[in-house]
Amino acid sequence: MAMQDSYNRTIDYLRISITDKCNLKCVYCKPKASLKHFSGSEVLTSEEIIRLVRIAHKYGVKKVRLTGGEPLMRKDVVQLISSIKRIGIPDLSLTTNGIMLADLAEDLKKAGLDRVNISLDSMNAERFKTITNGGDLDRVLKALDAAEKNGFSPVKINIVPIRGFNDDEIISFASLTLSKDYHIRFIEFMPVGCNEIWEKGKCISAAEVIERISTLGELTHLEFKGKGPSRNYQLKGARGIIGVISPITDHFCKFCNRLRLTADGKIRPCLFSNVEIDVRTPMKNGATDEEIDKLFCHAIEVKPERHLLDKDTNSSKFLQAMSKIGG
Ligand code: SAM
């Protein structure tokens, strides 16, 4: 049964943060003040996650993405993927920093994972280390190879270009699509949980990214397919695709088809609103499926028409870090 929200958008996509822990500390993702992690008992168990996916599937969810924190840090991630796939989710994907992916790629594929997005903000080993607070670029490069080898297609790379930080790599990232069939996706820097370093001037708009990349050669705007937030382009003769995601300068709320489930069991209808529907407490207290169904449908009903980030970037001031909500 497909569900529509109050603005006639079909909601068929659930992003699940399966842990708020991460093995990197990207400077733009986490606030400087040390974050307290959820305690083990606060995080949803795999049974609870599976139960919620089953309910979401009943109400028309066809696409599930596991994220975090770093989803591959969760010890039961392979079993979790296999159980979610068995529910009948046709499009099951994962967003990862890639640090542990080379070791797990084969098992994840066998378990039924369809696609991966790998976050990578610099191809320079020293800079990568600085951005991630100690991360090893080589492991991410190995992850890209492992993703290709194991048939996770298309491999998507997420980069957040930040002015004066890594924006001099926009062109080299885009050039990768000439030889590889990667989808390189440039995401506008958002003021989420990282207010110490966020400034409007540091956010590079999707329009500026495209303007810079067009110096590389003829760039074709590809027809908008599906419901994803990415507007896609291709360089002449390229194998891969370039995408821009513009939550700040050109919000895509009209097409938003998603709900988020936080690691501690709250359904969040919009990334940029603090409205959350707690499903963990009722599950712990023995709620029936009918009761959880109602909460799930309520989350769809209260999904806001749009966020107001382009009007008021302070509106995100009280948002938790992405690692808690699930980026
Ligand atoms: N650990 C995984 C990873 O690194 O991909 C998944 C979680 S991470 C929070 C998911 C995505 O959120 C990453 O691609 C990251 O670049 C993005 N992200 C985090 N903070 C952001 C911000 N302030 N603005 C834009 N994107 C952000």
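Visitor: Which residue just after H2 takes a positive phi?
Guide: This is a predicted model, so read each value as computed from it. The residue is Gly88, with a phi of about 110°.

Visitor: What covers the buried residues of H2?
Guide: Look for elements in contact with them. The cover includes two helices, H1 (46–58) and H3. It also includes the strands E3 (13–19), E4 (63–68) and E5 (91–96).

Visitor: Take H3, then. Is Ala111 buried or exposed?
Guide: Compare its relative accessible area with the cut-off. Ala111 has 13%, and the limit for buried is under 20%. Therefore Ala111 counts as buried. Its place is in helix H3, residues 101–111.

Visitor: Which residues does Ala111 touch, leaving out those up to four places away in sequence?
Guide: Leaving out such neighbours shows what the fold brings together. Ala111 touches Val78, Ile81, Ser82 and Lys85. Of these, Ile81 and Ser82 are among the buried residues of H2. Val78 lies 33 residues from Ala111 along the chain, yet their C-alpha atoms are separated by 6.2 Å.

Visitor: On to the nonpolar core. Which residues of the largest one touch the most other members?
Guide: Val64 and Phe186 do, in a core of 92 residues. Phe186 shows the pattern well. Leaving out residues up to four places away, its contacts include Ile159, Pro161, Ile170, Phe173 and Ala174. Further along the sequence, Phe186 also touches Val209 and Ile213, then the run Ile242, Gly243, Val244 and Ile245.

Visitor: Now the whole chain. Why does the radius of gyration agree with a compact globule?
Guide: With 327 residues, a compact globule would have a radius near 20 Å, and the chain has 19 Å, so the two agree. The C-alpha atoms fill a box of roughly 55 × 45 × 40 Å along the principal axes. Of the residues, 53% count as buried.

Visitor: How many helices and strands does the chain have?
Guide: Ten helices and 14 strands. Among contacts between residues at least 6 apart in sequence, 73% join residues at least 24 apart.

Visitor: And what of the surface and the charges?
Guide: The accessible surface comes to about 14400 Å², with 52% belonging to carbon and sulfur atoms. For charges, compare mean positions. Those of the 50 positive and 42 negative charges are 1 Å apart.

Note on methods
Residues numbered from 1 in each chain as written. Predicted model: local features only at pLDDT ≥ 70, side-chain atom pairs only at ≥ 80, totals over all residues. Heavy atoms only, no water. Helix = DSSP H or I, 4+ residues; strand = E, 2+ residues; numbered from the N terminus. Rg over C-alpha atoms; globule rule 2.2 N^0.38 Å. Buried < 20%, exposed > 50% of the residue type's maximum accessible area, 1.4 Å probe, protein only. Contact = heavy atoms within 4.5 Å. Areas by Shrake-Rupley, 256 points an atom, 1.4 Å probe, with all protein chains shown as cover. Lys, Arg positive; Asp, Glu negative; His and termini not counted. Charge placed at Lys NZ, Arg CZ, Asp CG, Glu CD. Core = buried A, V, L, I, M, F, W, Y, C linked by side-chain atoms within 4.5 Å.
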